[in-house]
Amino acid sequence: MSYYDIDSILAEEEKLPIQFIVEAKYLGQFSPNSTDDSLHLKEGTKVDCQYWLASQLWIHSYCELLIPLQYSQQFQQKLKAGPNEIPLNSFPFYYDIGLYISNLSEDERLNNILLETFAERYKQLISKSYNWQNNQFTELNNHYCTIEKDLYSAGYDSSVDFTKWRNKSFRDLERTPTYNSKKRKRNN
């Protein structure tokens, strides 16, 4: 994670399901069923908490990380069957969180599925960014996650700039001021 990368910060704020394997003292506010009287969470309690907290609790063996539905075996099978057909817009940081989970759990299979899915969707995304019109952006919003939308925008901008260059639309180029290259004479 980059300290200044807003997407990384937002990705780490995504909630993940965890189950405590020990009693969690003074974490009662994380349970939606908690009352003012319950300061502690009992062993076996399932809660959703941000990735940054879940990862630290998991590293220190306070909880088990439960795999969210979008990374389950069933969802992975759907992605393998047709990665371009599954809309990921409801999971804005799908690849980021998936990589976080696969690194924590050392799940190489999830890592490979993410890579294959991204590679396949990337091909279609680049093709669309060069061929779509700007008014078809709503379909893009309803199908792709944040990183894919950023890639589409970069590809689309590149396509527009290339078309302008090819059509010689950059006629209003200004001359940059040049440095006076005459050598100075030394005073002896």
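Visitor: What makes the largest nonpolar core a "core", and which residues have the most contacts inside it?
Guide: The name goes to a set of buried Ala, Val, Leu, Ile, Met, Phe, Trp, Tyr and Cys residues joined through side-chain atoms within 4.5 Å. The largest such set has 31 residues, and Ile 18, Phe 20, Tyr 71, Leu 88, Tyr 94, Ile 97 and Ile 101 have the most contacts inside it. Elements giving two or more residues include β1 (15-20), β2 (46-50) and α5 (108-131). Helix α4 gives the most, with 6 residues. There's also a second, separate core of 5 residues, with Leu 125, Leu 140, Tyr 152 and Tyr 156 among them.

Visitor: Where does all this come from?
Guide: It's a predicted model: local features need pLDDT of at least 70 and side-chain atom pairs count only at pLDDT 80 or more, while totals for chains, interfaces and linings use all residues. Residues are numbered from 1 along each chain as its sequence is written, and side-chain values use heavy atoms, leaving out hydrogens and water.

Visitor: Why is Glu 148 called buried?
Guide: Buried means under 20% relative accessible area, exposed means over 50%, and partly exposed is in between (1.4 Å probe, protein chains only). Glu 148 has 1% relative accessibility, so it counts as buried. Across the protein chain, 32% of the 188 residues are buried.

Visitor: What makes the pairing of Glu 148 and Arg 121 a polar contact?
Guide: A polar contact needs a pair of N or O atoms within 3.5 Å; within protein, one must be able to donate a hydrogen and the other to accept it, and residues adjacent in sequence count only if both atoms are side-chain atoms. The side chains of Glu 148 and Arg 121 make one at 2.7 Å. A polar atom of the Glu 148 side chain also lies 3.0 Å from the backbone nitrogen of Cys 145.

Visitor: Which residues is Glu 148 in contact with, leaving aside its neighbours within four places in sequence?
Guide: Contact means heavy atoms within 4.5 Å. With those neighbours left aside, Glu 148 is in contact with Leu 88, Tyr 95, Arg 121 and Leu 125. Leu 88, treated likewise, has a list including Phe 75, Tyr 94, His 143 and Glu 148.

Visitor: Why is Glu 106 called exposed, while Ser 61 is called partly exposed?
Guide: Glu 106 has a relative accessible area of 71%, so it passes the mark for exposed. Ser 61 has 47%, so it falls in between. Glu 106 is in the loop between α4 and α5, with a positive phi of about 55° although it is not a glycine. Ser 61 sits in the loop between α2 and β3, and its phi is positive too, near 60°.

Visitor: And what is Ile 9 called, buried, partly exposed or exposed?
Guide: Its relative accessible area is 33%, so Ile 9 is partly exposed. Ile 9 lies in helix α1 (residues 6-12).

Conventions. Helices (H or I, at least four residues) and strands (E, at least two) are DSSP runs, numbered from the N terminus.
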